[in-house]
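Good morning, everyone, and thank you for making the time. Before I say anything, please take a moment to look at the sequence and the structure on the screen.

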Amino acid sequence: MAQRGIREYEGKKILFDGLAKTIPSFKGKSEKLALVTPATDPKKLVKDHPWLLKEKLVAKPDQLFGKRGKHGLLCLNKDFKAAWAWIAERMNKTVTVGKTTGELNVFMIEPFTPHSEDAEECYVAIRAYRDYDTVYLSNKGGIYVEENWDKVKETRIPVLSSIDEVKLNMPEFGRRKDQIEEFVRALYKVYAEGHFTYLEINPFTFSGDEIVPLDLVARVDDTAAFECTKIWGDLEFPSSFGQKHTKEEEFIRKIDEGTGASLKLTMLNPEGRVWNMVAGGGASVIYADTVCDLGFSKDLANYGEYSGDPSAEDTYQYAKTILDLMTRKKDPRGKVLIIGGGIANFTDVAKTFKGIIKALTEYKAKLVDGKVKIYVRRGGPNYKEGLANMRKLGETLGLPIEVYGPETHMTAVVSMALNPAPAAPACKPAKAGGKK
Amino acid sequence: MKPELFTKDTTAIVYGYHVNAIQRMLDFDYACGRKVPSVAAIVNPGSEGVHKVFFGKGEVLLPMYKNFAAAAAKHPKADVVVNFASYRSAFDSSMEALNHPNIRTVCVIAEGVPERRARILAATAAKLDKMVIGPATVGGIKAGCFKIANTAGTYENIVESKLHRPGSVGFVSKSGGLSNECYNIIARNTDGLYEGIAIGGDAYPGSTLLEHILRYEAIPAVKMIVALGEIGGTEELRIVEALKAKKITKPLVIWVTGTCSKMFPAGVQFGHAGAKAGSDLETADAKNAALKAAGAVVPTSFDDYGVKINETYERLVKKGSIKPAADVAAPVLPMDFAQALKEGKIRKATTFINTISNEKKEELEYLNIPISKVLESQMGIGGVIGLLWFKRRLPDYGNKFLETALMLTADHGPAVSGAHNAIVAARAGKDIISSLASGLLTIGPRFGGAIDGAAQQFKRAFDAGLTPEQFIRDMKGKGANIPGIGHKVKSLTNPDMRVTQLKAFCKKNFKKTDLLDYALAVEQLTTKKKGNLILNVDGCIGIAFVDMLSSSGQFTKDESDNIVNMGCLNALFVVGRSIGIFGHIFDQKRLKQPLYRTPYDEIAYMTDL
């Protein structure tokens, strides 16, 4: 769990509801937002949102990427019929935005606010740092903010301070100064109460006396969900644009959500011959690092980890998923499975290995067929029993399994697996570090 | 704040009833030779009292309080809080601890504390000049002094990694899991750890890598510093600044993990919440390069992390700045009973034997028959009694007989002593168990005992070969009535229908009815003396029961003697009559009957007597 991007649609809903508490012009604004997915029925949409037929509209993709104007993905000042046609033309189409290619499948529609680009586009952002949040304010917003970054005024709000105690650094806003200051202060309160970690409105503009946020980018801290049920409503966290989860990644994610332990899987290269099944959030990164540091990054098939004392059943499901993936295609050189991990503090090694052993036993034939060599390295509570069971498994399955404990450096098995020394015996346990 | 967080006398308040972690802390204390347990008190919201825990070979009691304030007030010397509260309550409880004047260090174990809350904790600690370790951490350890919660795992690992006595190396990492791995690496490549802290994998840990590195810099006994950083955040860049500013002068061996991220698709979240590069500066490669340039010892990969630690250590030893700490043997920790048993190292005589049922099987079993099969066989309650009382799968007529006996004995009206007592108790407002017991306690030689008595007496006489006449004479000689003979009103000509039907059932189904026939012969004689001296229903049940046992062919003579002598027939009466007694209790309760008082005219006051 960590900082997660949210849709502009959801971000604006939260924002408008929050701002409406102190700024009357935002009342009812959160109702005038509509989300369109491939499943949306236009008739029902119009019925739920009658304003769609009464106003000029903006339509745009809502999939966590910016610079939509630059990529011709903004539909401005159109009636519903035209906006819907614009969306329909792009729905489920693949586009490339910057370096990322992905499918367009979520759009949002909101009322269009006419304004002049140069004079009336302003910029505000708030970002979390360790000791403070910084408010960034500029009277040159929109596409001009980057080239005018030196004109952006910054205000730091220390973590233990209230926004009301802090003097805001304001650029020249003329007659709108007080109004914008009130808006920014209210915005900060929504940001803090809603556990946002990043909020950028670029630009916001004006309609008569009202401030109108046009484009929004927002990230929230998803660990605060339990505090924010009221503020967030039913908030979902979409994957970043272009990022697709495989069926197996989804499956592991579901198990992960249903347990207090942690189970993660990211596919990197399904054809890869090096597969990691590593315990621990920290150790898993190091195993992946070591594969790459040894020059085998192209062969690395997956990133993943299991930790927090998962049950034998969860470990079994996790192991089965990886074994299934790695035995689908054969590699003439054979494949390598690294069952790695550090010395656990409280995870029961024998128990978690029980699940892995069950999966290995089930996939015996496929593993033999795919010439899979297995390397095990682990320590922690009951590790001796766990390692002994692994060794026994190697004997009964007829699979090459090499098993090491804390006496062997944590990542030594990676080089053993990838650079089998030419002379036998290839795999004498290497001592940790250089002590002779 | 003073650089040392812990000494050999440091004591902690553990928030949350985590018995394993508490035991591991005290086991570490034993390894270090601490005189006083490192846990002063436990806060267990919702419960108070004491918690018994091993301290070496003996046991000690740790006081347990309902809230933190009470624990802190009673234990003013405890200056560390180990907080096991969940992510929901970790913030409030940590703030309470942090704001308490006694407390210097708060360790927050919970994963998933909101970032804003963690930032408030960190800022509050800075303001108060206190230390927060975590959230999302396993804790930390000061070798030979003090251990937080589950840090460093098992006792065996603590001793293997030489953590029971101080070495010369200060260590800090984000990852808790890896910290234990690194203690192992440090133990194998130096004279051991002085102190190790895992700050936690979140984006905003309460204390940072740099804060702990600067503490180690200020502690003279720490001769070199080892650290493990991670992709994401700019924390390691602050270390770079401190190196450049010469705020860190002791040798620093550091490696930033996550070098693989360059070949990962953007947006992959590693196992730790903070492990995600937001900019090029936050990548592992950039941070490793910057650290190296600033003078830190940076390996080329994790593979030679140990090598670099060893080289640095040996250099310091050669220079004379480290005098290697001597190895100290740790005391042997007595193995836990459960562990020893599991490993087959000990055996233990049991104190109970059970041969009738087993709830430890996949399915509950009565006499090795799974309960589902018991139901499927439709053996009824009689069959269940057969399994659990006599350890036999009785023939169907046996089951039927037992059920019939239960039905016949279920009730005999409100006037008999059992029902009467139960009614009086129920009307006194007692609960159903007390009321039932009050009724059942009247069962004995005078009430309800006839079934048992009849079976015993008739069986004795029959087995001894006494003729009916001899038996009657024998009983008369003892001055005793024959149990099971006699009824208030019924006679041979006005028979008790219950007895008639029971006799017919036995005659029809039992292979033999020797004792019943014997009893009927006795009845022939007694009824000649007086018409109502018939075989009554109690006698018939008891006697037919004996015939049922022998008829089934499943019991030896000894076994059936034993069954009768154990009082099984009394038990049968108790079970049956409980049904009726409950009926009377419910009847009284339903009718809301008031307290019963025996009317005066029922009592003859003859105090002069």
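This is a predicted model: local features need pLDDT of at least 70, side-chain atom pairs count only at pLDDT 80 or more; totals for chains, interfaces and linings use all residues.

B:G320 sits in the loop of chain B that runs between α10, residues 305-319, and α11, residues 337-342. If you then look for B:D496, which is 176 residues away from B:G320 in sequence, you will find that the two C-alpha atoms are 109 Å apart in space.

That distance leads us to chain B as a whole. Its C-alpha atoms, taken along the principal axes, fill a box of roughly 120 × 55 × 50 Å. The radius of gyration of chain B is 40 Å, whereas the globule rule gives 25 Å for 609 residues, and because the value is well over that figure, chain B is more spread out than a compact globule. The chain is divided into domain 1, covering 12-319, domain 2, covering 357-392, and domain 3, covering 398-590, and the C-alpha centres of domain 1 and domain 3 of chain B lie 75 Å apart. In terms of secondary structure, chain B has 23 helices and 16 strands. Of its 609 residues, 48% count as buried, and among the contacts in chain B with a separation of 6 or more, 71% are between residues 24 or more positions apart.

I would now like to follow one helix of chain B, namely α23, which runs over residues 568-590. This helix has 23 residues and reaches 33 Å from its first C-alpha to its last, close to the 33 Å expected at 1.5 Å a residue, and yet there is a kink of about 30 degrees in α23(B), centred on B:S578. Which residues of this helix are buried? Among them are B:L569, B:L572, B:F573, B:G576, B:R577, B:G580, B:I581, B:H584 and B:I585.

The C-alpha atoms of B:F586 and B:I423 are 9.1 Å apart in space, although the two residues are 163 positions apart in sequence. After α23(B) comes B:K592, whose phi is positive, near 50 degrees.

Let us turn to chain A, which has 13 helices and 19 strands and is divided into domain 1, covering 3-232, and domain 2, covering 247-418. The centres of these two domains of chain A, taken over C-alpha atoms, are separated by 43 Å. The C-alpha atoms of chain A fill a box of roughly 80 × 50 × 40 Å along the principal axes, and 43% of its 436 residues count as buried.

Where do the two chains meet? Here 54 residues of chain A are in contact with 59 residues of chain B. On the side of chain A that touches chain B, β14 (262-267), α8 (281-293) and β16 (302-307) each supply at least two residues, and α8(A) gives the most, with 11 residues. By class, that side of chain A has 22 nonpolar, 23 polar and 9 charged residues.

Finally, a few details of the backbone deserve a look. Most residues other than glycine have a negative phi, and most peptide bonds are trans. In chain A, however, a cis peptide bond joins A:N202 and A:P203, with omega about 0 degrees, and A:P203 is found in strand β11. In chain B, the peptide bond from B:G134 to B:P135 is cis, with omega near 5 degrees, and B:P135 lies in the loop between β7 and β8.

As for phi, A:N77, in strand β4 of chain A, has a positive value of about 60 degrees although it is not a glycine, and with 12 C-beta neighbours inside 10 Å it counts as exposed. B:N368, in the loop between β15 and β16 of chain B, has a positive phi near 65 degrees, and it is exposed, with 12 other C-beta atoms within 10 Å.

How values were computed:
Residues are numbered from 1 along each chain as its sequence is written. Chains are lettered from A and ligands numbered from 1 in the order in which they are written. Two residues are in contact if their C-beta atoms, placed from the backbone, lie within 7 Å. Helices (H or I, at least four residues) and strands (E, at least two) are DSSP runs, numbered from the N terminus. Ala, Val, Leu, Ile, Met, Phe, Trp, Tyr, Cys and Pro count as nonpolar, Asp, Glu, Lys and Arg as charged, and the others, Gly among them, as polar. Domain bounds come from an automatic or database domain assignment. The radius of gyration is taken over C-alpha atoms; the globule rule is 2.2 Å times the number of residues to the power 0.38. A residue is buried if 20 or more other C-beta atoms lie within 10 Å of its own, exposed if 12 or fewer, and partly exposed in between; C-beta atoms are placed from the backbone. The expected span of a helix is 1.5 Å times one less than its number of residues. The bend at a residue is the angle between axes fitted to the seven residues ending there and the seven starting there.
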